[in-house]
Amino acid sequence: MEENFTLLEQNRDLIDIAELRMDYLPVKELRDMNGIRKRMGIAAIATFRKVCDGGRFRGDEGFRRKTLLDAVQAGFEYVDLEYGFDFPEVEAAVLNKGTAVIRSIHNFSGVEVSKGSIKGMLSLPDSEIPKIAVYPQSSKDLLGLLQLYSTFKDREKKIIVGMGAYGFFSRILYRKFGSLLTYCSGAEASGAPGHISPEQLKDVYNLDIITPDTAVYGIIGNPVMHSRSPHLHNAGYRKYSMDAVYIPFPVDDPDQFMRFANTLSIKGFSVTVPYKKDVIRFLDNVDQSVIQADACNTVVRKDNGYEGWNTDIEGFFRPLEKRISLQDIKRIAIIGAGGAAGAVIRALKGLDAQIHIFNRTEEKARILSQKFGIRYFPLSSYEEIERCDLIVQTTNVGMHPLEDKTPLPGYRFRKEQIVYDLIYTPEETIFLKEAAAAGCRTINGLEMLFIQGKLQFKLFTGVDYPEN
Ligand code: NAP
């Protein structure tokens, strides 16, 4: 309980209500519900879940019921009771005290809820708040989660939550979907997929200004939850008081995601690994930049369909031209042949320099090299890489979950080489560390992230990203 109280004090100004998960506490700490309730000093939900319902409690059912009863008597404003929980004494106490009942159903392995349970939840008395927590496992499940919102749209009070990374958007958009509240966790737990701290909810996602009409933007990719783009875009919306929010959407199936994006009317999204090429097939109009790079990192929804852009070209080039004299660059190594590599080659193509591609998969290197009329080599051609003045690392090797890897293991940099790694998290990859240790000038992907993101902001909203 002391840990809980510390957490509560740290977040008191950011939250409206706290849930006491009694099943996480040692039994001996549950004896004084009055004392706990009093010290909480904030609206509170009492929850005491058994293992079979997704909680932690394995003990005596009589004790659980008695403790729930104690919580109601102690004045908890809400008590979370599983759907099907039947205990007349608790029900009577709830009526007597005016406690609100959250009637909950959980599915920890998908979004399906039986027809019978839905029917039962829909016919709960108005004094009870149906809560459905489901765990979407893939892009395919997203529409199932949206379907739950429409099924319950006429219930004035309800709580519908998508757990995990795929359900993350539902925590941010709870007001848009008409949920009574959204759940957040202390900073430690917020590292788990889909969990978020109260501070991040407010500072990164502007939760305090999200309305039912909020326009939804985001970023798709896999992995994507680490992305810093939400910080950038949401800070811009806040600065301009725009009713908009930008959310990371992990995607494992772009076709399914597009169905979801249509249903939710997502107004625009950034595209990252590994979908920059694949997303082109969904576009109704493409800007020249997409054709030039054969990759798209920005999708904007217009009245006549989706429009695609590539802001990586400029985003990549500006930090480079600012730092080095480009006429000294005669030979360039591009490591990788994915979506980002296309934008990089496009940006460098105007220079008086030879550009070579080095990639793991020969076929992809061949296609890209043919498009630009340049040569390609296997990734292991270290002698060729050594001859280059500029090395641009465009693979995702070095980024989570490959942060302890380099795409060129054992490669020895020459100190005259300039090394640009597009990855921005971590800010210094193993690749850049090794280059810096050899005395090379290095550039990471952070500035590129900001520049390409600010250009996207303009495409999404029609206004320039705020100064400073
Ligand atoms: P992508 O289209 O999926 O391409 C990934 C590339 O990485 C492919 O060439 C792939 O080689 C290579 N690769 C993946 N795993 C590998 C491994 N284990 N060993 C060797 N090569 C491997 O991704 P992308 O959209 O181009 O993005 C690539 C990176 O650039 C990401 O880290 C992204 O964050 C970064 N980026 C940063 C910014 C920025 O603003 N700073 C902007 C754009 C991109 P194969 O062809 O063999 O599969």
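This is a predicted model: local features need pLDDT of at least 70, side-chain atom pairs count only at pLDDT 80 or more; totals for chains, interfaces and linings use all residues.
Colleague: Why is the pair of Phe48 and Phe63 called edge-to-face?

Modeller: The ring centres of Phe48 and Phe63 are 6.3 Å apart, and their planes meet at 85 degrees. Centres within 6.5 Å make a pair, and planes over 60 degrees apart count as edge-to-face, so Phe48 and Phe63 are an edge-to-face pair. This pair links distant parts of the chain, 15 residues apart: Phe48 is in the loop between strand E2 and helix H3, and Phe63 is in helix H3.

Colleague: How do you know whether Phe48 and Phe63 are buried or exposed?

Modeller: Buried means under 20% relative accessible area. Phe48 has 1% relative accessibility, so Phe48 is buried. Phe63 has a relative accessible area of 18%, which is also under the cut-off, so Phe63 is buried.

Colleague: What makes Phe85 and Phe87 an edge-to-face pair?

Modeller: Their rings are 6.3 Å centre to centre, with 80 degrees between the planes. Phe85, at 9% relative accessibility, counts as buried, and so does Phe87, with a relative accessible area of 16%.

Colleague: What makes you say that the charged end of Arg39 sits over the ring of Phe5?

Modeller: The charged end of Arg39 is 3.9 Å from the ring centre of Phe5. The distance limit is 6 Å, and the charge must also be within 35 degrees of the ring normal. Arg37 likewise lies over the face of Phe76, at 5.6 Å from the ring centre.

Colleague: Now to the loop between H7 and helix H8: why is Ser179 called buried?

Modeller: Ser179 has a relative accessible area of 5%, and the cut-off is under 20%, so Ser179 is buried. A polar atom of the Ser179 side chain lies 2.9 Å from the backbone nitrogen of Ile160. Ser179 also touches residues including Tyr149, Lys158 and Tyr174.

Colleague: Which residues have the most contacts inside the largest nonpolar core?

Modeller: They are Phe169, Phe257, Phe260 and Phe269, in a core of 51 residues. The largest share of this core, six residues, comes from H6. Among the residues that Phe169 touches are Leu142, Ile247 and Phe260.

Technical notes:
Residues are numbered from 1 along each chain as its sequence is written. Side-chain values use heavy atoms; hydrogens and water are left out. A nonpolar core is a set of buried Ala, Val, Leu, Ile, Met, Phe, Trp, Tyr and Cys residues joined through side-chain atoms within 4.5 Å. Buried means under 20% relative accessible area, exposed over 50%, partly exposed in between (1.4 Å probe, protein chains only). Helices (H or I, at least four residues) and strands (E, at least two) are DSSP runs, numbered from the N terminus. Contact means heavy atoms within 4.5 Å. A polar contact is a pair of N or O atoms within 3.5 Å; within protein, one must be able to donate a hydrogen and the other to accept it, and residues adjacent in sequence count only if both atoms are side-chain atoms. Rings of Phe, Tyr and Trp (its six-membered ring) pair if their centres lie within 6.5 Å; planes under 30 degrees apart count as stacked, over 60 as edge-to-face and the rest as tilted. Lists of a residue's contacts leave out its neighbours within four places in sequence.
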